[in-house]
Amino acid sequence: GGAAGSLVDGIADIYVPGVREAAPTPIPDADPKTTAFLKEVLASTAKGEAKPEWLTTEFQAFMFPDRIKQGPQMMGRLGELTAFELMEETTRDDMRVRIYRATFGTTPLRVQFTLSADGKISGLGISPVSISSQSAEIDRQSSGGAPKSGLTSSRIRRNSCPQRSSR
């Protein structure tokens, strides 16, 4: 939980001085309305609740009735949603992808939403955030090979249904 993460972060700061100060920072949010909507969706999902109309038909079939019930075990047990910060925004295959650092209690998570053209959620990925993933990002930034900003990991875990390709 949060205590183990704090210990790891503290140790990382000893071996990589300044890693906390150099950690990725949120980017400016040009669409706060979408951020407010996605924050509501995430807070509801953490309680095991969500409105089907928030999701595309395909993603509804993937999430309901069983997967939505995993929210309290995955996020809700960590505490209330205390922070929700936009870290990256891109477009892939005509879909908007918004990546946030969401903090439940004291535990930060990387949350990736994929949005269809009509603003409905077509994909959701949730994974841990740690100093080690942040320091890898800092290394890429210092070498000049970094994406514009945000948290990244070597492997993006997507908890979504297969999407049709536009190729």
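In this predicted model, the charged end of Arg67 is placed over the ring of Phe62, at 3.9 Å from the centre of that ring.

Contacts between aromatic rings form a second topic. A pair of aromatic rings is described by the distance of the centres and the angle of the planes. The structure contains 4 aromatic pairs, and among them is the pair of Phe84 and Tyr100, which is stacked, with 4.1 Å from centre to centre and 10° between the planes. Because Phe84 belongs to strand 1 (residues 81-92) and Tyr100 to strand 2 (residues 95-104), this pair ties together parts that are 16 residues apart in sequence.

Tyr100 also takes part in a pair with Phe113, and this one is edge-to-face, with 6.1 Å from centre to centre and 80° between the planes. Here too the pair links distant parts of the chain, since Tyr100 is in strand 2 and Phe113 is in strand 3 (residues 107-115), 13 residues apart. Taken together, Phe84, Tyr100 and Phe113 make up one aromatic cluster.

The accessibility of these residues can be set out as follows.

| Residue | Relative accessibility | Class |
|---|---|---|
| Phe84 | 12% relative accessibility | buried |
| Tyr100 | 0% relative accessibility | buried |
| Phe113 | 0% relative accessibility | buried |

Buried means a relative accessible area under 20%, so Phe84, at 12% relative accessibility, counts as buried. Tyr100, which is paired with Phe84 in the stacked arrangement, counts as buried because its relative accessibility is 0%, and Phe113 is likewise classed as buried at 0% relative accessibility.

Notes:
Residues numbered from 1 in each chain as written. Predicted model: local features only at pLDDT ≥ 70, side-chain atom pairs only at ≥ 80, totals over all residues. Heavy atoms only, no water. Phe/Tyr/Trp six-rings, centres within 6.5 Å; stacked < 30°, edge-to-face > 60°. Helix = DSSP H or I, 4+ residues; strand = E, 2+ residues; numbered from the N terminus. Buried < 20%, exposed > 50% of the residue type's maximum accessible area, 1.4 Å probe, protein only. Lys NZ or Arg CZ within 6 Å of the ring centre and 35° of its normal.
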